[in-house]
2 protein chains.
Amino acid sequence: MNNFTFHNPTKIIFGEGSLSQLGQEAAKHSNKALIVYGGGSVKRTGLYDKVVAQLKEHHIETFELGGIEPNPRLATVRKGIEIIRSNGIGFILAVGGGSVIDASKAIAAGVPYEGDVWDFLTRQAKPTSAVPLGTVLTLSATGSEMNGGAVITNWEENRKLSFGSIYTFPKFSILDPTLTFTVPADQTAYGSVDMMTHVFEQYFSHTTDTPLQERLCESIMRTIVDNAPIAIAKPDDYAARANLMLCGTYALNGGMISVGVQGDWASHGIEHELSAIYDIPHGAGLSIVYPNWMKHVYRERIERFVQFAVRVWDVDPSGKTDDEIAMAGIQATREFFTRIGAPATLTEVGIGDDRLKEMADKAVHFGPLGSFKKLTSEDVEQIYRLSL
Amino acid sequence: MNNFTFHNPTKIIFGEGSLSQLGQEAAKHSNKALIVYGGGSVKRTGLYDKVVAQLKEHHIETFELGGIEPNPRLATVRKGIEIIRSNGIGFILAVGGGSVIDASKAIAAGVPYEGDVWDFLTRQAKPTSAVPLGTVLTLSATGSEMNGGAVITNWEENRKLSFGSIYTFPKFSILDPTLTFTVPADQTAYGSVDMMTHVFEQYFSHTTDTPLQERLCESIMRTIVDNAPIAIAKPDDYAARANLMLCGTYALNGGMISVGVQGDWASHGIEHELSAIYDIPHGAGLSIVYPNWMKHVYRERIERFVQFAVRVWDVDPSGKTDDEIAMAGIQATREFFTRIGAPATLTEVGIGDDRLKEMADKAVHFGPLGSFKKLTSEDVEQIYRLSL
């Protein structure tokens, strides 16, 4: 186990009806709030009106920024920063999924910063403060509701980058599983893939002596595998939605399940290049890429892949070589993604082989990608080719 | 899963050498610190001097309160409150195990309170603020380093009660596994029992649809079972000490592993009556009592005990009745406690049957004890008798 610092100050308010606590939590921060949301489904479902009513009841003046994109864009973030600065707003409320929350974090950190917010993404500057932020989660997926990280796309440059800070942890997040009842099957599947791969990124590691962290990861993976198909088949199954919501939040909440473990994160980098150019859903890209990353790297520490196969997928190891056991686990991963309706190939989502090298080169822009195996541009291109 | 609120703002700084971060963390809070410690081992090992040096280097004036008892006492807490008030101290640093940290929390909450601090324990008042508190942990056991709870003994009244508050979560805790290398075998065993039973209290529950929480609990239990014997056999095994330290912290950190789950906590109440009169180590009392509580209650939800036996103790269920599987798990628990050197009977620790009814009556002072089975005074007395 490596040395580590863990600090996650986000307050989680979980369960049906928890929206009733929104007003009192928001009122702790400011009497002017910017409500950030996505494509408008929160208005159609009536959630937006409930949110506004809660805030008004606590004498909070509301402003709004809608239209956050599924891969949230820098231009929209800049717009949010402007609204806050010109209206003296002291609190941001993200109502939506990971994209809305991520955009809100970038806005929050960008407001007090003198330079351009993109500097945080290109690692030329670090946030030193942020406007306080709360969230009302409507999609189980990214874990952004309980961490300080955000992924932003600069569409003009086709670059999708991430940043993280202790200042951008939400002050509170309201997690009501019933708010995810209306999430369609494909988005539920992509969200499940996303959280599953967040655990993968922390699980496939060379760090030794981390038995608790490994088991915590396995606990989340098994719970996703059991509950995602139920939520897809029966969208208003409260228990399945609640279990998935908790899995998504725990899968990436500042590293709780992987304290002292060196994560990999190559596959997320590989996927980000795909969605930066083709604007596909992040979870769909991960579903395509991840099992192929596994095939490319599993021999780097085959015993971890053997453990994965046995403990997560109940692969019977008797009479099999380590190679066969590991490959059975990878195959089970692919079959699970397919079973819940996530794509397996780039071809399926309309991506051909014409820009693979360009994306591979961009993926290693900051140096070799990942830590389980340090990937060169050639490695990344091979993984793209395996994914065609 | 029940609705819940989870909020754990404690910053954990973990690993060998992490003490070097003490000064800068403490300096965020005050330039006057009260160092609270126990029987003096921290002075013998040289840790105290290192702590003072760190604080001095950051221009913090230090005061001290030593002699915190293993079951920390109200009289000592009152003394700490006095020292802080009369010297205008703005920060408390607990250096020790759960007892030292618990006493420090009661001091922290007591300082700004106009009445007597015991009111918090008797539930006649709730803290509304507290002096900021940091910890340097020297014993893996109670989890007090990452939660807001404390147990205090009123020796004059032979009463041992608990309180908890968001205000008494440590601001930071420094967890260096090497600081536990000198913990003797018996204390390592009691600490392991304590953390194991913290998980039990959250695992044996009637709450349904909590698959992730159950697996998280099982993860910690299995890791304790694997690592406690190693730490006892080889006290300076870094990996085993680090794994145990993480297990202790995660086992009781504001409910992370059991969000939305109704806990039981009857056995802790039953044990507190023992140590309030006989002053035995808390972990020793739990080792005696817990498996007998299990025998008394397991039929209330036998499937949870079956799952416990199979998943935690690898009991082979084939050809066995549920009753046999459950009992095999309980038996395995007893054998594990015995294997690491924790006592199995009250007789072993010199406690006879003369005050069992008195203790049973006191245990249900606030009403029936626990939730897995609501225990009456008669139930509690039966569990004491099973433990003789």
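A disulfide is counted here when a pair of cysteine sulfur atoms sits within 2.5 Å. By that test, this predicted model comes out with zero disulfides over all chains. In general terms, a disulfide is a covalent bond between the sulfur atoms of two cysteines. In chain A, the sulfur of A:Cys217 has its closest cysteine sulfur in A:Cys247, 12 Å away, so that pair is too far for a bond. Seen from the other end, A:Cys247 finds its closest cysteine sulfur in A:Cys217, again at 12 Å and too far for a bond.

A few ground rules apply to the rest. Residues are numbered from 1 along each chain as its sequence is written, and chains are lettered from A, ligands numbered from 1, in the order in which they are written. Because the model is predicted, local features need pLDDT of at least 70 and side-chain atom pairs count only at pLDDT 80 or more, while totals for chains, interfaces and linings use all residues; side-chain values use heavy atoms, with hydrogens and water left out.

An unreviewed UniProt entry lists residues 188-385 of chain A as "domain: Fe-containing alcohol dehydrogenase-like C-terminal"; UniProt positions follow the numbering used here, feature names are shortened, and annotations may be inferred rather than shown by experiment. That span is 65% helix and 0% strand, and its end C-alpha atoms lie 27 Å apart. Helices (H or I, at least four residues) and strands (E, at least two) are DSSP runs numbered from the N terminus.

How do the two domains of chain A meet? Counting contact as heavy atoms within 4.5 Å, 30 residues of domain 1 touch 28 residues of domain 2. Buried area is the accessible area (1.4 Å probe) that two parts lose on being put together, summed over both. Between the two domains about 2,300 Å² is buried, 60% of it on carbon and sulfur atoms. On the domain 1 side, A:Ser140, A:Asn158 and A:Lys160 lose the most area, together 24% of what that side buries. A salt bridge puts a side-chain nitrogen of Lys or Arg within 4 Å of a carboxyl oxygen of Asp or Glu, and two of them cross this domain interface.

A:Asp279 pairs with A:Arg73 in a salt bridge, the closest N and O atoms being 3.3 Å apart. A:Asp279 lies in the loop between helix H10 (266-278) and helix H11 (282-297) of chain A, is partly exposed at 33%, and has a positive phi near 55° without being a glycine. In chain B, B:Asp279 likewise has a positive phi of about 55° and is partly exposed at 33%.

Finally, chains A and B meet through 38 residues from chain B and 38 residues from chain A. Between the two chains, the salt-bridge count is zero.

Notes:
Buried means under 20% relative accessible area, exposed over 50%, partly exposed in between (1.4 Å probe, protein chains only).
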